[in-house]
Amino acid sequence: VAVGADPTLRARERAAAEAERLAAEAERVRAIQVRAEAERLELEARLTLEAQDRARREAERQERARLEAEWLGLAWDARADLKLALIGLGADPDLRRRQLEEQARLEAEAGARARQEREAALELELQAQRDAEVRFRLEQQAGFDLRADLSADLIALGADPDYRRRQAEEQARREAAERERREREQMFAEWDSEQQRLEAELRARAGHDTSVEAGADLQADLTVTATVQRPPRPAPQYEERPAAPATGAIWIPGEWVWNGVAWIWAGGRWELQAAGAAGTAAAVGLGILGLAAEGGVSLDASPVTVEVRVGAP
């Protein structure tokens, strides 16, 4: 303090900061009050306008109602005056009512006549049905009586009354015997077919076992001689066919070729002459064993396929 320090500086600074904060808070409160006052005035103005609009619409509605009531009164007065004038000139005010009543009476009479006609037609139809039923019963009874008299006369002359029944029974016995015979023949035919199928299966199984044994023996012999077993041929590959080099050229599709060790794809090519039999292996077969002219031996016995090429590793 002796060299000039101010011991109240911090307190004055705090007091100044507090005064600034209070001033800002008061300013914010004044702004809020001003905005609230503006919103209140705006709300009052909007409510006033809405009240005025409602009052205007209500006044217009009341005016329209008044005018409609006046126009309706004028119309009724005009209608009454016109009606009185027409009556004075000799018009009948009850003509429409009497016309409607007359029309209703005519419609009721027409309906009653139609109902009576329907009832009469129904009665006639019922009477006709009763008469037809009586005639049918009389004719039926007459037929029964005639049949009984005829049957008695025929029996008296030696006729057999049970002939038709015996014929029907005999026919039924013949049909049953024929049906039984057909069922036996069908059963025997099915039994023969089953026997043939079993024999064919036995022969096929014996042939298959023989083929498998022969393939297994040959495969064992080939394995002893270090022969490579050829796997099944892969599926063909898709190729884009180029343009033909000349007119009349023939496209030879590509194929898988066995080189003795693995399958190799030989691409397709164009040839200028038709492919003949040269270069192909002409094979002759003996049972399931085939010999090829190119020096190969192939054996096909499901499920084993073996190929041997002489001189190839």
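Visitor: Which residue just after α2 takes a positive phi?
Guide: Gly 158, at about 105°. Helices here are DSSP runs (H or I, at least four residues), numbered from the N terminus. This is a predicted model, where local features need pLDDT of at least 70, side-chain atom pairs count only at pLDDT 80 or more, and totals for chains, interfaces and linings use all residues. Residues are numbered from 1 along each chain as its sequence is written, and side-chain values use heavy atoms, with hydrogens and water left out.

Visitor: How far apart are the end C-alpha atoms of α2?
Guide: 90 Å. Helix α2 covers residues 95-156, and its 62 residues should span 92 Å at 1.5 Å a residue, so the two values agree. The expected span is 1.5 Å times one less than the number of residues.

Visitor: New topic. How many salt bridges are there?
Guide: The whole structure has 27. Each puts a side-chain nitrogen of Lys or Arg within 4 Å of a carboxyl oxygen of Asp or Glu.

Visitor: Which residue pairs with Arg 105?
Guide: Glu 102, with the closest N and O atoms 2.1 Å apart.

Visitor: What about α3, where does Arg 165 sit relative to Glu 169?
Guide: Four residues away in α3 (residues 163-224), about one helical turn.

Terms used
Helix = DSSP H or I, 4+ residues; strand = E, 2+ residues; numbered from the N terminus.
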